[in-house]
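Morning, everyone. I will take one structure today and go through it piece by piece. Please have the viewer open.

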Amino acid sequence: DGIEGSIPTLPGLGLLEINTTMTKEKATRQVTFSFQGHECHGYEIHQGISDTTEQIVEQGNVLGTYIHGFLDNTATIDYILKDVSATSEPPAQDPYDRLADHVRKHVDIEHIKRL
């Protein structure tokens, strides 16, 4: 629909087998979702339709979702860091601290800034 300019199509990162078509209508809503047997909360805000009805798509070690606030749920942080927690020092109390520590350890932030 030309929402973001004149480019008709762009490839994604190719990490998930999913296609999204941008639309004129923007969806915004509070959502409750189940993740690993836990009730979690967040909100959706997106402007498109994807070729899946799943709220969360997981393929290999990649998770994709429209749910903002996904990482505000302890269950999602625990799941993402489950292998790390079993082999590292005791986790910080705050799930955001745990996730930030993991990212700092495994992501070259300075390289990303240079890009």
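One cut-off before the residues: I call a residue buried when its relative accessible area is under 20%, exposed when that is over 50%, and partly exposed in between. Take aspartate 101, which has 44% relative accessibility and therefore counts as partly exposed. Also keep in mind that this is a predicted model.

Three strands make an open sheet in the order 1-2-5, and the pairing is antiparallel. Which strands are at the edges? Strand 1, residues 20–35, and strand 5, residues 67–68, because each of them pairs on one side only. Strand 2 covers residues 38–50, and two bridges join strand 2 to strand 5, with the two running antiparallel. On that pairing, tyrosine 43 in the chain has histidine 68 of strand 5 as its bridge partner.

On strand 1, look at threonine 23. Is threonine 23 buried or exposed? Threonine 23 is buried, since its relative accessible area is 18%, and the cut-off for buried is under 20%.

Next, the salt bridges. How many does a search of the whole structure find? The search returns three. In general, side chains of opposite charge can pair when their charged atoms come close.

Glutamate 44 and arginine 29 form one of them through their side chains, at 3.2 Å from N to O. Glutamate 44 belongs to strand 2 and arginine 29 to strand 1, so this pair ties together parts that are 15 residues apart in sequence. The two partners fall into separate accessibility classes: glutamate 44 counts as buried at 6% relative accessibility, while arginine 29, at 49%, counts as partly exposed.

Another salt bridge joins arginine 104 to aspartate 101, and the closest N and O atoms there are 3.2 Å apart. The two residues are three apart in helix 3, which means about one helical turn separates them. Arginine 104 has 59% relative accessibility, so arginine 104 counts as exposed.

The remaining salt bridge to mention is between lysine 113 and glutamate 110, with 3.5 Å between the closest N and O atoms. Again the spacing is three residues, this time in helix 4, so lysine 113 and glutamate 110 are also about one helical turn apart. Lysine 113 is exposed, with a relative accessible area of 60%, and glutamate 110 is partly exposed, with 45%.

Now helix 3 itself, residues 95–106. What span should its twelve residues have at 1.5 Å a residue? They should span 16 Å, and the end C-alpha atoms are 17 Å apart, which agrees. The buried residues in helix 3 include Pro95, Arg98 and Leu99. Those three cover an arc of only 95 degrees around the axis, so they sit on the same side of helix 3. Histidine 106 is also found in helix 3, and histidine 106 is exposed, because its relative accessible area is 52%.

There is a nonpolar patch on the surface as well. Val103, Val107, Ile109 and Ile112 form it, and together they have about 280 Å² of accessible area. Of these, isoleucine 112 lies in helix 4, which covers residues 109–114. Isoleucine 112 has 49% relative accessibility, so isoleucine 112 counts as partly exposed.

Then the hairpin. Strand 3, residues 56–59, and strand 4, residues 62–65, run antiparallel and are joined by four bridges. Isoleucine 56 stands opposite threonine 65, which is in strand 4. The hairpin has two residues between the strands, and glycine 60 takes a positive phi near 65 degrees.

Finally, two distances for orientation, both taken between C-alpha atoms. Histidine 106 and threonine 65 are 41 residues apart along the chain and separated by 22 Å. Threonine 23 and histidine 106 are 83 residues apart in sequence, and in space they are 36 Å apart.

That is the tour. I can go back to any part of it.

Methods:
Residues numbered from 1 in each chain as written. Predicted model: local features only at pLDDT ≥ 70, side-chain atom pairs only at ≥ 80, totals over all residues. Heavy atoms only, no water. Pairing = 2+ DSSP bridges. Expected span 1.5 Å × (residues − 1). Buried < 20%, exposed > 50% of the residue type's maximum accessible area, 1.4 Å probe, protein only. Arc of directions from axis to C-beta. Patch = residues over 30% accessible without salt bridge, like charges linked within 9 Å, V, L, I, M, F, W, Y side chains within 5 Å. Areas by Shrake-Rupley, 256 points an atom, 1.4 Å probe, with all protein chains shown as cover. Salt bridge = Lys/Arg side-chain N within 4 Å of Asp/Glu carboxyl O.
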